[in-house]
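Please look over the ligand site and the backbone of this model. My notes are below.

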Amino acid sequence: MLVENKHLTTIWYEQETDKVKIIDQRLIPFELKILELNTVDEVCFAIKEMQVRGAPLIGVTAAYGMYVASKENSDLDYLKKSAEKINATRPTAVNLSWALNKIMINIRDTNKDHLPNKILELANQIREEDINNCKSIGDHGYELIKKIYEKNNEPVSILTHCNAGWLATVDWGTALAPVFVAHKNNIPIHVWVDETRPRNQGFSLTSWELLNENIPNSLIVDNVGGHLMQQKKIDICITGTDRTASNGDVCNKIGTYLKALAAFDNDIPFYVSAPISSIDFNIENGIRDIPIEERDAEEVSYIQGLDENNKLQKVKIIPEGATCANYAFDVTPAKYITKLITEKGIIDAKSSSISKLNN
Ligand code: MRU
């Protein structure tokens with residue numbers, strides 16, 4: 001999508017330099033910094049410390065991480081250990097193990113000398129597929145937005161949580177893909193952007209994406225959504241997912257569950273954009289079995305922003321000695337999800353529909 005009118009993606013391989021490049025998302029919206037991933041340790045740091053984040057992008061980064069590993073040492077043993085190391089960086093997004101498994105399965109019969117090239121080819125393919133899948137999610141979701149517009153004949157009001165835009169994928173995004181497609185098709189839209197404490201992906205990333213695409217939006221703190229729904233100021237909620245269980249339970253950024261409850265109580269459709277790479281067909285019950293990441297308490301006790309001299313600062317916002325808990329994700333039971341928007345179409349959040357995607 002666009003950044004200052006130029007097309008940019010979140011990760012790419014640069015042939016001339018033989019380097020994998022990413023955007024350091026920790027600095028957005030204040031600075032656009034491009035980084036290289038040169039070692040497996042740098043790849044692990046990038047995922048763990050959230051220079052890259054968002055389930056699909058974590059998966060694509062892991063795939064390129066295996067290319068980086070193969071350049072360090074193309075012994076199968078080293079590659080297996082590197083895959084384990086990368087897989088341990090974040091526990092919730094299933095795209096991480098999905099991408100690593102895909103690479104490991106597809107290199108089984110490859111000669112050692114050809115491994116780097118083969119892995120690069122696979123990583124490029126995973127990246128390309130992610131772009132195409134997100135675009136398809138956008139096209140399917142666009143039909144929903146168009147229908148609302150045709151019915152009400154006024155700007156469609158959409159609430160989203162966290163950042164499930166292009167920064168969370170390679171391009172297009174998942175939850176925001178329908179928004180981008182609708183905007184390109186001249187459907188008037190207004191997006192309510194949840195702050196998404198503690199890391200504020202809504203305020204810092206989603207708003208930046210929407211501003212760069214000239215899509216009207218308003219930033220709201222995390223507790224506002226319920227009020228807006230009661231006031232009938234939201235037509236549809238669309239979020240992403242880090243791992244959706246085979247029963248349709250959706251794990252996504254912390255706070256998604258509360259928005260889904262409010263939407264259910266107010267009869268507002270709650271859609272989840274779910275690329276098939278974010279579905280864990282091995283997990284039958286999301287609430288019981290999806291691992292929930294707990295991150296450093298500092299993310300809760302400090303907040304980052306620009307000071308009056310435009311310098312990026314972190315400031316402490318809690319009393320000395322206070323204890324924080326930092327749960328990064330929650331699970332929304334399938335019964336609160338209106339439908340899932342996948343690259344293969346819009347389906348019920350039910351095992352009978354989800355299992356058909358597993359081939
Ligand atoms: O902790 P993050 O920023 O990686 O969490 C991201 C989300 O929760 C997104 O909503 C999710 O990955 C779906 S994005 C396409």
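The points take the ligand first, then the backbone.

1. This is a predicted model: local features need pLDDT of at least 70, side-chain atom pairs count only at pLDDT 80 or more, and totals for chains, interfaces and linings use all residues. Residues are numbered from 1 along each chain as its sequence is written, and side-chain values use heavy atoms, with hydrogens and water left out.

2. The shell around the ligand has 18 residues, each with a heavy atom within 4 Å of the ligand. Ala55, Arg90, Asp242, Asn252 and Lys253 come nearest. Helix H2 (55-72) and strand E11 (250-253) each supply at least two shell residues. Helices (H or I, at least four residues) and strands (E, at least two) are DSSP runs, numbered from the N terminus.

3. Domain 1 (2-129) and domain 2 (137-358) both give residues to this shell, so the ligand lies between them. The domain bounds come from an automatic or database domain assignment.

4. For Lys253 the distance is 2.7 Å. For Arg90 it is 2.8 Å. For Gln201 it is 2.9 Å. The protein covers 100% of the 410 Å² of accessible area that the ligand has on its own (Shrake-Rupley method, 1.4 Å probe).

5. Check two cis peptide bonds. Ile28 to Pro29 has omega near 15°, and Pro29 is in the loop between strands E4 (19-23) and E5 (34-37). Arg197 to Pro198 has omega near 10°; Pro198 is in the loop between strand E7 (189-194) and helix H7 (201-212).

Conventions. Polar contact = N/O pair within 3.5 Å; in protein donor to acceptor, adjacent residues only side chain to side chain.
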